[in-house]
Amino acid sequence: MTTSINLALVSRNRRTSMNSFDTEVSPRMTSGRITIYDVAERAGVSISTVSLAINAPHRVREDTRRRVIAAAGALGYRSGATTNGANAGVRVAVAAPFSSYPSYFRRFAGMLADVRNTAVELTVHDLDSAAAAASPLLDALPARRGVDGLIVMGVPLGSAALRASRDAAMPLVFVDVQRAKTSRRDVPTVLVDDREGGRLVGAHLSSQGHTRAVFLHEPQASGAYISAGMLRAAGLTESVDVVDAPVPSDRALVETLESTLRGRGAPTAVVANHDDLASRACRVLAAIGVRVPDDVAVVGFDDGPLAAGLDLTTVAQPFEETGRAALGLVLSEISGASRSVRRIVLQPSLVIRRSA
């Protein structure tokens, strides 16, 4: 069951600010539909810049993009919108396995930064993790009536949900979602290049003399989608031999590390699918007398306070930027603007610390 929390991300004095805004509207707005010209006028940029900021946010300076998104949100710029509709604001639902993976909060934080002091409202829906589900494809839209657009992170939609979004003309954007079989509907998508992240780790470990690594990750029960872990492991194998190690529990983690790190030719590096799993691996290694990094190197993924506190080598992902890019795409879909950009792939970077 999805949990809906309306964050009502409008300014605290929304009623006052909207009333004062009413005196600032252009002549075009008072006579009907809000257009791209109104957004450009309010943001102080050209209409081509507005189009780029909405459709190709990675090609526009951050301060300019923020002005455009703020103007679009404040005006309620979307296809078919009227002056009254503008005052109602734009509502975007954001669905992700927040409880399972805190990293999705960081993506969401990027969206929060861009809607601050605008009339854009974000509604959060907490989803179950796709990794543990035998049938992870969602066949019902995780959004309620009154929502103008939907961003789904980390969990793929099934054919029924995709058809429902199409039939309802629901603007939809994916983040960190790749289905094993491409849908007929070209859904705008924002990704981080996870395979490149694996390549970065493999190349670094190889340069340090490591030839074999164990890759720790949650078991994936379904092959209906391509997970980040699958791509990271694939990138890793380009430079080192990889022992695939799904670990469904802490007990399995202990058993896996005790068995795989023993004997001749055992891996000399441990790569975890995320920093939390890497931190748990470090605790297990300390308990069984394996020194990091003297005996075994440890690498994680994500990069945040946990990795910094553990002095953990990890792959930094531009989480906040993925959130901002997704918000730009869904506002573009809502507005009915040009659809020249359908896929944004952002690059990770390797942060080298003491653990590897």
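A: In this predicted model, helix α10 gives the largest share of the lining of the largest pocket, namely 6 residues. This helix covers residues 228-236. Other elements also supply at least two lining residues each: the helices α7 (103-115), α12 (275-287) and α13 (305-310), together with the strand β7 (212-217).

Sorted by class, the lining comprises 24 nonpolar residues, 13 polar ones and 12 charged ones. As to how such a space is found, a probe the size of a water molecule is rolled over the atoms, which shows where empty space is left.

The protein chain has 356 residues, and 52% of them count as buried. Its secondary structure consists of 14 helices and 13 strands. Among contacts in the chain with a separation of 6 or more, 72% are between residues 24 or more positions apart. The accessible surface of the chain amounts to about 16,000 Å², and carbon and sulfur atoms account for 49% of this area.

Notes
Residues are numbered from 1 along each chain as its sequence is written. This is a predicted model: local features need pLDDT of at least 70, side-chain atom pairs count only at pLDDT 80 or more; totals for chains, interfaces and linings use all residues. Side-chain values use heavy atoms; hydrogens and water are left out. Helices (H or I, at least four residues) and strands (E, at least two) are DSSP runs, numbered from the N terminus. Buried means under 20% relative accessible area, exposed over 50%, partly exposed in between (1.4 Å probe, protein chains only). Contact means heavy atoms within 4.5 Å. Accessible areas come from the Shrake-Rupley method with a 1.4 Å probe; for residues, only the protein chains shown count as cover. Ala, Val, Leu, Ile, Met, Phe, Trp, Tyr, Cys and Pro count as nonpolar, Asp, Glu, Lys and Arg as charged, and the others, Gly among them, as polar.
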